[in-house]
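Morning, everyone. Please look at the screen, and we'll walk over the surface together.

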Amino acid sequence: MNMKINMQNRPLLSIFTSLFCDNVLIYTVLLVTSVMYHYRSSLVIPYCLASIILTAVLFKIFDFVAKHKYIGPAVYIAVFGIGLYIVKLIIDIGSSSYPIAFWLWFLTPQDALDYSASYTLAIFLLMEGFFASVVYYFTKIRYRIFMGFLTFIIPFSLYGKEYEKMPVYFIIALAMMYFITMINYRQISVKSDVKVINKNEMWKSLLVFSLIFGSGAAILPKPSITANREYLEMLLEADAFTDKLMKTVSVFVDSTTNEMFYEQETDKLYYSAKASEPLRLRTRIFSSYNYENDSWNTVKKDTYYNTSETITYENDIISVYKAIATACDESAEFSEKYGLNGFSTETLDYPALKEMSITPLLYGTYLLPVPTLYYDVENSGGSEDIKRSINGAFFKHEGNFEYSVPLKLSYYSDSFLVRDSIKLLLSRISYQDNYYSLLDDACEVLENSGHFSEADIILSAKNDEYDAFLDYGDSTVIKNLADEITDGLYSDYDKAKAIEAYFVNNDFVYDPDFRKKKGDNAETFLISSQTGVCYEFATAMVLLSRASGIPARFAEGYNMSELGPDGKYLISSNDAHGFPELYIASIGWISFEPTVPYDDLGTADKDSATAGLFKTGIAIIIFGAAAFILILLYPAAYQRYFVFKINKAAPDKSIRLIVKRLKSIYSVSNSETAFELADKIYAEDKLDMSVIAEYFNKSVYGNIPISIEEKNSAIALYTKLWRLRKVNKKIKKMQKKGKARVV
């Protein structure tokens, strides 16, 4: 006799259910996905789908390992070894084109580094193998609640080390799945006489509790708490370690892209600043633009720090135009030639030297951003080893700036550029057309009149060549647009202001959620998308300025915009800003602001953590309601589908489907016979199903075909049983409530 039931026609739905409706699998996928969101949020969906497939495959392998005492461990070791070898190959591929080692990339805050697809894929495979192995073992093999909790907090620790906020939906989903997984695999007792009865009812209660917990945790009002991390940071020195890593990688990472300026999940506070006006603070500058990958590179790649030079001042902006004014005093012919009549030392309105202070708010801070027109810095902490990087920012060559100790800076405000006495000079100078000839003539006048110190200043200015900052890649798109914007203008300053105003006058849009397409660059931003973050606006102005003959460079740093309750500006990670710096002849490097204002009307609530929690709670409620409705409707809907299915099936298959369905309903294992199933049905619902058992044995074990009449009789009996069970359920519920009595 044929003792096998044909399983070739097993429904695809059952295969899907066995693979993906496993709460341990779902929990593992959530752990991996939450980690990958930290490393590459834009690819979280592909990584989630890949994790589902890979976790399902690994769990099947682990099932085999668990069932085979000797060969199982060998299989696991082999799979583990192959996985590590693949990861090594991927890391080797990444390291061949990435400037820092994998371990350093892993330990360094990701928002400070360029994206590495190979390193990120390696992290995914490592996390997948680790979480799948640990979660599977400490739930399905050997239940350990402490190890389960340690695994649960790993993603939170990863976010916490960089002060990054994990999205609320990950927090709630992880908490819910952790709770469900731990309860489901909890060892109630080691005694053999203790059994868990009515497991389906336990699952219903567990689901309802989880939904209430998730939605309640998200929607209920939260107290407003200001965390004081000072003591914790003193103990752990986490920031010192992070900044040391930052100092290490800054030697190698010499490029930047627009991803640096997307709104961050975390809002890490770096500095506070006391100043009379909001300023743009610079940390790095870049001169070489790559159209292919839309990135900027630094001027010098070999040395990031100028360690031999103690700082005094970068450029005393008064000196050059004061010397030119002196030449005008001495020579009317010089003034006439360059249209500077009325420009003299007597009418010159000198800018005042202003003071500000910056206070590091992280332990281990070594970098100090500066305004574009900074003059000097004084470390009130008493250290004398402050150096200047080639990019202009200050850093401590040995050690770090002291936590919460303010550092005083002196600077010139660029507001003096609008004064009439300076505007006259600026309106007459073009870097490419007449600047160096003006300096030659001024130097001659000054030497002939005995103003040798002023002549030396002019000679120094003549030696400064900025032609390297005129490269715009010979883009015809950039050149044509630059000519259009600056048509009819002569001076560099007038051209710069026209380019700066172009973006707001032509309805460009600042959108922190905008993500460029592959291949997009400054040309596509100017011509088609006209949407981006500060990076796109600053890049476009630098290239347009260069095409107009004005030396320009890309600068990154911070915007001072948010005033704290004590009147100081708070500078955080979300204040990261990119802006253009243009060399305005006779003055020096001046920063501009082409980035249009962000229209965030009504978005404050949308972006707040509380609003995010509330929306997550609403989503959980909607999901719970939908699941509840589906649970209520599913039995009746599936019953209709099943009756339709067995009516359409051949008689023999119909009988087998009925028995299989009844075994599922009455929780009877496949090892029990059809007559044992009939006995259990009679014991619970007092309906004799032995006829169906006879038909089943006749077909499966006797290979005797089932007639149409027998099939219809079995279907009628099954339908009668289904109706009887519904009535019995109602009676049992009424008995529990005391509204019915047993007769």
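Start at Leu-89. Leu-89 counts as partly exposed, at 39% relative accessibility. Buried means under 20% relative accessible area, exposed means over 50%, and partly exposed lies in between (1.4 Å probe, protein chains only). This is a predicted model: local features need pLDDT of at least 70, side-chain atom pairs count only at pLDDT 80 or more, and totals for chains, interfaces and linings use all residues. Residues are numbered from 1 along each chain as its sequence is written, and side-chain values use heavy atoms, leaving out hydrogens and water.

Where is Leu-89 found? In helix 4, residues 71-95. Helices here are DSSP runs of H or I, at least four residues, and strands are E runs of at least two, numbered from the N terminus.

Nonpolar side chains (Val, Leu, Ile, Met, Phe, Trp, Tyr) are joined within 5 Å, like charges within 9 Å.

Now the charged one. Arg-640, Arg-723, Lys-726 and Lys-730 form a positive patch. Helix 26, residues 708-737, gives the most, with three residues. Lys-730 sits in helix 26 and is exposed, at 57%.

Last, the whole protein. It has 26 helices and 20 strands. Of its 743 residues, 46% are buried.

Definitions and conventions
Patches are made of residues with over 30% relative accessible area and no salt bridge: like charges are joined within 9 Å, nonpolar side chains (Val, Leu, Ile, Met, Phe, Trp, Tyr) within 5 Å. Accessible areas come from the Shrake-Rupley method with a 1.4 Å probe; for residues, only the protein chains shown count as cover. A salt bridge is a side-chain nitrogen of Lys or Arg within 4 Å of a carboxyl oxygen of Asp or Glu. Lys and Arg count as positive and Asp and Glu as negative; His and the chain ends are not counted. The place of a charge is taken as NZ of Lys, CZ of Arg, CG of Asp or CD of Glu.
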